[in-house]
Amino acid sequence: MARKVPTEEAIKRWDQHAERFTANYDEHGGIHREVLLNPAIFSLLEEVKGKRLLDAGCGEGYLSRILAQKGAIVTAVDYSEKMLEIARERTYEEVPIQYEHGNCEKLDFLVDEQFDCIVSNMVLQDLADYKAALSEMYRLLKPNSTFIFSILHPCFVTPNSGWIRNERLDQQYWKVQRYFYEGVYDQKLPLDSDDKIVFYHRTLTSYMKAIIQAGFSIEDVIEPMPSKEMLIKYPQFEEDLHCADFIVFKLRK
Ligand SMILES: C[S@@+](CC[C@H](N)C(=O)[O-])C[C@H]1O[C@@H](n2cnc3c(N)ncnc32)[C@H](O)[C@@H]1O
């Protein structure tokens, strides 16, 4: 049985961490989202104008705002009241978004088959019960519609993973450890802070099996790499040409 922490503890940490986590967010959601996640997510999204979208685990809401500006009718859910408070503060009335407090593992207040698309950006690795969340997303989607989600790439980002510097060879290597561990671990975020967020590690196989068991078919997968244009703007992303931080799935009901 994989080790878990109580949901109340995970929420408490997100509430405590919300200000610091979102302090460097801009309209793109910060540079990792601008360089890697957003291009992948937007390349997988179909026309959103006039469509009903759910942003599951919306955080401070940057993605909901982009989608609403593109004409989508957006519901945004998060279980951290503090995140929702920040999201509401950052959302102007001209961009109507329905923010709701809820746990993506069980969103009983939302009726079946109401969304044309669900996006969930960097949330599933935070969830204790990712299988319940996948089933919940399946329930909420209209038939033949899509669920796009990103997570930390489970093959590279594992408990204890990180860069190792070899001074003698003047090279650095990405270390992966405990890939087959399934369960909770604490992660400092930002890496140089003392604040710890609750993350869950699962193997890629576990994610794929859970996706299939929930009833979805996998339509597309992206392991985001920085584009040439982004590398000119942010040369520090050169290191992301060696291994993938994230993986993004497009699933169809
Ligand atoms: C890494 S942040 C990402 C936020 C946002 N999607 C973004 O890309 O900026 C993860 C968010 O998921 C929320 N979250 C984690 N587990 C959740 C759950 N079970 N139900 C609802 N929200 C959850 C956290 O409160 C946090 O706001």
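**Exercise 1. Is Ala132 buried, partly exposed or exposed?**

Start with the ground rules: this is a predicted model, where local features need pLDDT of at least 70, side-chain atom pairs count only at pLDDT 80 or more, and totals for chains, interfaces and linings use all residues. Residues are numbered from 1 along each chain as its sequence is written, and side-chain values use heavy atoms, with hydrogens and water left out.

Step 1: find the residue. Ala132 sits in helix α5; helices (H or I, at least four residues) and strands (E, at least two) are DSSP runs, numbered from the N terminus.

Step 2: Buried is under 20% relative accessible area, exposed is over 50%, and partly exposed is in between (1.4 Å probe, protein chains only).

Step 3: apply them. Ala132 has 22% relative accessibility, so it counts as partly exposed.

Step 4: From the C-alpha atom of Ala132 to that of Asp195, 63 residues apart along the chain, it is 27 Å.

**Exercise 2. Describe how the protein surrounds the ligand.**

Step 1: look at the shell. There are 20 residues around the ligand, and Tyr25, Gly57, Asp78, Asn103 and Leu127 come nearest. To be counted, a residue needs one of its heavy atoms within 4 Å.

Step 2: sort the shell by class. You get 11 nonpolar, 6 polar and 3 charged residues. Here Ala, Val, Leu, Ile, Met, Phe, Trp, Tyr, Cys and Pro count as nonpolar, Asp, Glu, Lys and Arg as charged, and the others, Gly among them, as polar.

Step 3: pick out polar contacts. The term covers a pair of N or O atoms within 3.5 Å; within protein, one must be able to donate a hydrogen and the other to accept it, and residues adjacent in sequence count only if both atoms are side-chain atoms. Tyr25 puts a polar side-chain atom 2.6 Å from an oxygen atom of the ligand. On the backbone side, a polar atom of Gly57 is 2.7 Å from a ligand nitrogen, and one of Asn121 is 2.9 Å from a ligand nitrogen.

Step 4: check the cover. The ligand taken alone exposes 590 Å², and the protein buries 98% of that. These areas come from the Shrake-Rupley method with a 1.4 Å probe.

**Exercise 3. Work out how enclosed helix α3 is, and by what.**

Step 1: count. In helix α3 (residues 62-69), 7 of the 8 residues are buried, so the helix is largely enclosed by the rest of the structure.

Step 2: name them. The buried ones are Tyr62, Leu63, Ser64, Arg65, Ile66, Leu67 and Ala68.

Step 3: find the cover. It includes α2, β1 (52-56), β2 (73-78), α4 (81-89), β3 and β4.

Step 4: see what comes next. Gly71 follows α3 and has a positive phi, near 100 degrees.

**Exercise 4. Trace the nonpolar cores.**

Step 1: define one. A nonpolar core is a set of buried Ala, Val, Leu, Ile, Met, Phe, Trp, Tyr and Cys residues joined through side-chain atoms within 4.5 Å.

Step 2: take the largest. It has 51 residues, of which Leu45, Leu67 and Ile148 touch the most other members. Helix α2 (residues 31-44) gives the most to this core, with 6 residues.

Step 3: follow Ile148. Contact means heavy atoms within 4.5 Å. Setting aside neighbours within four places in sequence, the contacts of Ile148 include Ile41, Leu44, Leu45, Ser120 and Val248.

Step 4: note the other core. A second, separate core of 27 residues includes Leu54, Leu107, Leu127 and Leu134.
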